[in-house]
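Morning, everyone. Let me put the model up, and then we go through it piece by piece.

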Amino acid sequence: MDDAGKLFLGGSRKPDDTLKKAEYLHLKFGNRHGLVTGATGTGKTVTLQVMAEGFSAAGVPVFCSDIKGDLSGIAAMGEPKDFLLKRAEQIQFADYDNAAFPTIFWDLYGEKGHRVRTTIAEMGPLLLARLMDATEAQEGVLNIAFKIADEGGLPLLDLKDLQALLTYMGEHAGEISQRYGFVSKASVGSLQRGLLVLEQQGAEHFFGEPALKITDIMRTSQDGRGVISVLAADKLMMNPRLYATFLLWLLSELFEELPEVGDPEKPRLVFFFDEAHLLFSEAPKVLLERVEQVVRLIRSKGVGVYFITQNPLDVPETVLAQLGNRVQHALRAYTPREQKAVKTAADTFRANPEFKTDEAITQLGTGEALVSTLEGKGAPSMVERTLIRPPAARIGPLTDDERRKILNTSPVAGQYDKDVDRESAFEILMARAEKAGKAPVPKRAEVEPEAAPAPREDSAAGRWSLPGFGNDEAEEEEAPRKKAGAGRAGYQRETVIEAAMKSAARSVASQVANQIGRALVRGILGSLKR
């Protein structure tokens, strides 16, 4: 699978169906990204498994999503079945052997893998707006909310934190509008309803702590193989927008956290983005521009991104142009759009005089593909009609017992499986409201206890004072002398309490910013640069 810096993909064939030569993906061009396309049932998942196995064997960590559950078999040793042995013989794969690969399973819901979480702050306003299908005006309100949280020292960790802040903004829309621009109560209300929908769809499981550490998906095993991180996405696919937003967030985190390495001899990580059409479907122009920018620049971080989808038309041309390694399975051409897709796919390959590419695409069998990879000085190879090599691991899902055993012996076992509850915007709002109004503080639901952080030392120095919060003792001592504003201040305290109590009714997800009290530095997709 790894022959002098190359990954064996399969054997190409001559027009008379005899073996022509072995087809490889060069490791040094693995970070130049790629595309795997083809109709349902043509072998895309097996091709993804073959590539993941090859990168792992070469010591490259892999992250991929398991849409149907079939990919989980990569953690178990394959079986020498007749059709696999026949394929190995056809392509003269003499070294074919069965093997299992080091695997970590992840799951946003914590059912089939270790929990994956991030915070509202790390998600950022742009991706959050995409997740909520927010309008331009609503996205503007989200940006103001994040700005207020940054300047006011209010860590946004889960849906409840953002809900409390939005309620506060709605009650103080006039004052906030004077500083940051118009904040419509209608937009705030729509965002609050959007948060409720997200909660009902299960997004509350995704926001909180402990947040995923990027280093945990960039592991190698003791024998030097890259660990394959498999995201259980069968349930997650019930909410396609959450699925696509999560993977895009993870891609942006890799971009923000990893240092520049140029063009290494092999990638530091390979990221497979299955069902890639969900990322680009109905995405606003600004998001598409950011995705293009991330894909273009993340190559120099040593990360290769491989999009898997049915139709090459699912990927915008600006992104498609950056995908150097191509594997094209069969496409059907029954409708005008499908015929256009075949022509588009054919035009992206370097032509081979031995066959017509557009005709070959419609004639490929299962497990057969047109392959073109970068070679030499980075130029694409001539497209070849290729039989994809058989995978070494199992084709098909693990049993529940097998998955449970792998989870129990995982190198991250116990690190992400319990919620952590620390101080965040929700607690700060309630504490300030109680201090100002001496009102009882509603209790939050019990979660796994963690060592409580030291009492917060609030200071107004260098920070905007939020209306009605009573940010320091001097302000409270001076309050009786502000007769003109006394009545209004009392009203504001009441609305903060009301906001906190409304938010307390929401279900708890988990919770707290990694660094409290500093201005948040936001990256290319508006997320928190940790």
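Start with the helix on screen. In α1, the buried residues are K44, T47, L48, Q49, V50, M51, A52, E53, G54, F55 and S56. Buried means under 20% relative accessible area, exposed means over 50%, and partly exposed is in between, with a 1.4 Å probe and protein chains only. That makes α1 mostly covered, with 11 of its 14 residues buried.

Quick word on the source. This is a predicted model, where local features need pLDDT of at least 70, side-chain atom pairs count only at pLDDT 80 or more, and totals for chains, interfaces and linings use all residues. Residues are numbered from 1 along each chain as its sequence is written, and side-chain values use heavy atoms, with hydrogens and water left out.

Back to the helix. α1 covers residues 44-57 and reaches 20 Å from first C-alpha to last, close to the 20 Å expected at 1.5 Å a residue. The expected span is 1.5 Å times one less than the number of residues. After α1 comes G59, with a positive phi near 85 degrees.

Which residues does S56 touch? Leaving out residues up to four places away in sequence, S56 touches V62, F101, P102, R225, G226 and I228. Contact here means heavy atoms within 4.5 Å. S56 has 0% relative accessibility, so S56 counts as buried.

Now zoom out. The protein has 17 helices and 14 strands. Helices (H or I, at least four residues) and strands (E, at least two) are DSSP runs, numbered from the N terminus. Of the 530 residues, 56% count as buried. Take the contacts with a separation of 6 or more: residues 24 or more positions apart account for 78% of them.

Next, the sheet. 12 strands form an open sheet with mixed pairing. The order is β2-β1-β14-β11-β10-β3-β9-β8-β4-β7-β5-β6. Two strands pair if DSSP finds at least two bridges between them. The edge strands, β2 (19-26) and β6 (114-115), each pair on one side only.

β1 (residues 6-13) pairs with β2 in the antiparallel sense, over seven bridges. β14 (residues 384-388) is mostly covered, with four of its five residues buried. β11 (residues 368-372) pairs with β14 over four bridges, again antiparallel. V371 has E384 in β14 as its bridge partner.

Now β4, residues 62-66. Why is β4 largely enclosed by the rest of the structure? Five of its five residues are buried, so the strand is largely enclosed. In a regular strand the side chains alternate between the two faces of the sheet. For β4, both faces are covered. V62, C64 and D66 are buried on one side, and F63 and S65 are buried on the other.

What about the neighbours of β4? β7 (residues 228-232) runs parallel to β4, and five bridges join them. C64 has V230 as its bridge partner in β7. β8 (residues 269-274) pairs with β4 in the parallel sense too, over two bridges. V62 has V270 as its bridge partner in β8.

How many cavities of 30 Å³ or more does the structure hold? Four. On a 1 Å grid over the protein atoms alone, a cavity is a set of points where a 1.4 Å probe fits but cannot get out, and lining residues have an atom within 4 Å of a point. Points are joined across faces, edges and corners, and a volume is the space filled by probe spheres set on them.

Look at the second largest cavity, with about 50 Å³ of space. Its lining is L35, T37, P312, L320, R326, V327, Q328, A345, T348 and F349. β3 (34-37) and β10 (325-328) are the elements that give two or more residues to this lining. β10 gives the largest share, three residues.

Last stop, E289 in helix α10 (residues 285-297). Its relative accessibility is 41%, so E289 counts as partly exposed. E289 and V319 are 30 residues apart in sequence, and 9.4 Å apart in space, C-alpha to C-alpha.

That's the tour. Thanks.

Notes. 1 Å grid on protein atoms, 1.4 Å probe; cavity = no way out; pocket = protein on both sides within 12 Å on 5 of 7 lines; lining within 4 Å.
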